[in-house]
Amino acid sequence: MVRINPDVKSKTKANWGFDLNAILAKQKTAFNTNPNPSWDNRKANLIKLRTAIDANADAFKTAISDDFGNRAYEETTIAELLVIQGGINHALKHTKKWMKTRRAPTALQYLPASNKIIPQPLGVIGIISPWNYPLQLAIMPLIGALGAGNRAMIKPSEYTPKLSELMKTVLGEIFTEDEVFVATGGVDVASAFSALPFDHLLFTGSTSVGRIVAEAAAKNLTPCTLELGGKSPTIIDESANMSLTVPRIANGKLLNAGQTCVAPDYVLMPQAKIDAFSDAIIKQAEAFYPTFAGNPDYTSIIADSHYARLQDLLEDAENKGAKIRVAGDDDKQQLAKERRVPLTVVTDTTPDMRIMQEEIFGPLLPVVSSETLDDAMDYVQSRERPLALYWFGEDSAKREKVLHQTISGGVSINETAWHVVQEDIPFGGVGPSGMGAYHGEDGFRAFSHMKGVFTQSRFSQGKTLFPPYTKKTHKMLGLMKKII
Ligand code: NAD
């Protein structure tokens with residue numbers, strides 16, 4: 001992926017308008033004065049956040065649409081605002097319980113001592129977020145951080161400057177600088193940000209930048225949650241109901257014009273069915289978007305560099321023998337002017353094509369032939385572990401086989417993407433698609449220290465193991481061996 005936004009000029013540190021080290025120091029000092037915020041305190045923060053986001057919903061929709069060139073307000077409601085509302089409401093319902101000290105069992109040989117676990121806030125959480133869902137991917141980690149009793153600093157993407165500035169203003173109105181701070185700016189700010197000694201750093205973005213961020217964090221031994229990308233496969237089984245499958249894949253691929261970390265990257269299915277599927281998904285895309293150019297429902301590609309990257313992927317595939325089918329019959333120049341890319345189905349692919357190697361992050365859909373389930377699973381398992389995997393079908397034995405014999409961050413069955421917004425299951429990648437998870441209780445845990453506490457009893461028999469070691473000690477050790 002193109003990593004430098006040519007439109008964003010780096011400023012000198014003196015012109016950033018803030019001092020990252022000083023703000024972190026302020027947040028750490030403030031945290032130390034109240035290292036265990038009460039439930040009432042955390043609840044007030046979450047409610048304040050929900051109210052402010054609600055009050056500014058229209059402004060957020062406009063800012064995001066302006067940053068993209070066009071994005072339907074409905075899409076921002078579906079994929080950002082409702083997700084945030086769900087996350088806050090879930091946290092409000094459950095955090096009080098998650099915060100509680102919990103008893104833990106004590107093994108027989110240590111009785112009558114007791115064990116417990118105290119969830120503690122970590123301190124200051126750093127959040128680095130990408131541009132594709134620029135509000136949701138900054139606020140969802142913030143919900144976890146605040147629910148767990150932390151303070152937070154956010155570095156949003158330089159590709160969405162209007163949204164980032166608005167988010168800074170809105171959060172600045174409800175939180176003091178030592179509670180939540182938004183550091184806007186380019187890669188220079190991001191790089192300095194990732195080098196700060198946070199108590200935890202959550203990064204959402206590409207695998208390549210994730211590596212750089214993890215290295216910077218390692219210098220401070222700052223633990224990281226890395227929410228990265230990759231090529232998420234979709235396997236269509238012979239048993240799939242195609243009238244349900246086609247629209248769901250089309251929707252997952254075309255939401256935000258494919259600029260979704262968990263968008264179905266490519267499809268695996270038997271060769272004999274590829275033509276019919278390609279026809280059907282092109283027709284479906286045209287039904288969703290009767291035109292792509294000028295259509296307020298269809299999202300633009302975020303920047304010229306990203307638009308050019310998608311065109312390059314297609315050109316490379318075509319030069320290497322792929323067949324390309326483009327939905328609709330929009331004027332190419334108009335599409336380019338608006339940075340809109342219609343659904344484009346790519347068949348007859350080969351592994352040396354860039355489109356089969358890089359995360360696509362746009363509405364290009366390679367359909368790869370794979371005759372059996374074992375072929376499809378081999379294809380997936382021999383590549384980098386993906387962020388998501390989709391399986392469409394009705395054959396439960398095959399479904400269970402895929403679920404247990406492939407490794408991916410998460411899965412939706414007979415659907416795309418929706419596993420991501422389930423607050424009761426973890427969201428995260430595995431291997432090159434990420435490490436760690438958040439959302440719901442997993443978010444609370446990611447931003448908490450689960451402190452184990454052992455309390456000894458006055459009746460402890462531990463003294464039988466004190467030196468000097470005698471026959472009595474050996475008798476005791478023999479007894480312990482039997483009961484352990
Ligand atoms: P990106 O990696 O280019 O940028 C993400 C963030 O990192 C931005 O805020 C940017 O300022 C910052 N950054 C850039 N260079 C940096 C550096 N050297 N040091 C520290 N920070 C730096 O990603 P992007 O283009 O904004 O987003 C697209 C990628 O994000 C895709 O790969 C997509 O799959 C992934 N993504 C993952 C998830 C997820 O939840 N797993 C969600 C959305 C996007």
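**Close-up views of a predicted model**

**View 1. Strand β11 and its two neighbours.** Strand β10 (residues 323–326) and β11 run antiparallel and are joined by four bridges, where strands pair if DSSP finds at least two bridges between them. Helices (H or I, at least four residues) and strands (E, at least two) are DSSP runs, numbered from the N terminus. This is a predicted model, in which local features need pLDDT of at least 70 and side-chain atom pairs count only at pLDDT 80 or more, while totals for chains, interfaces and linings use all residues. Residues are numbered from 1 along each chain as its sequence is written, and side-chain values use heavy atoms, with hydrogens and water left out. Opposite Thr-347 in β11 stands Lys-323. Three bridges connect β11 with strand β12 (residues 364–369), and these two strands run parallel; here Val-345 has Leu-365 in β12 as its bridge partner. In a regular strand the side chains alternate between the two faces of the sheet. In β11 (residues 344–347) both faces are covered, with Thr-344 and Val-346 buried on one side and Val-345 and Thr-347 buried on the other. Buried means under 20% relative accessible area, exposed over 50%, and partly exposed in between (1.4 Å probe, protein chains only).

**View 2. Thr-260 in the loop between α9 and β9.** Thr-260 lies in the loop that runs between α9 (242–254) and β9 (266–269), and it counts as buried because its relative accessibility is 8%. Its side chain forms a polar contact of 2.6 Å with the side chain of Tyr-133, and the side chain of Thr-260 also reaches the backbone oxygen of Leu-255 at 3.4 Å. A polar contact is a pair of N or O atoms within 3.5 Å; within protein, one must be able to donate a hydrogen and the other to accept it, and residues adjacent in sequence count only if both atoms are side-chain atoms. Leaving aside residues up to four places away in sequence, Thr-260 touches Asn-132, Tyr-133, Leu-255 and Phe-361, where contact means heavy atoms within 4.5 Å.

**View 3. The second largest cavity.** This cavity has a volume of about 50 Å³, and the residues that line it include Thr-260, Cys-261, Glu-359 and Phe-361. On a 1 Å grid over the protein atoms alone, a cavity is a set of points where a 1.4 Å probe fits but cannot get out, and lining residues have an atom within 4 Å of a point. Grid points are joined across faces, edges and corners, and a volume is the space filled by probe spheres set on the points.

**View 4. The largest cavity.** The largest cavity has a volume of about 110 Å³. Of the 16 residues that line this cavity, Ala-91, Ile-143, Gly-144, His-439 and Gly-440 are the closest to its centre. Two or more lining residues come from each of α4 (73–99), α5 (136–147) and α15 (440–446), and α4 gives the most, with five residues.

**View 5. Backbone features in loops.** Most residues other than glycine have a negative phi, and most peptide bonds are trans. Ala-257, although not a glycine, has a positive phi of about 50 degrees; this residue lies in the loop between α9 and β9 and counts as buried because its relative accessibility is 0%. A cis peptide bond, with omega about 5 degrees, joins Leu-111 and Pro-112, and Pro-112 is placed in the loop between β1 (102–104) and β2 (114–121).

Notes. 1 Å grid on protein atoms, 1.4 Å probe; cavity = no way out; pocket = protein on both sides within 12 Å on 5 of 7 lines; lining within 4 Å.
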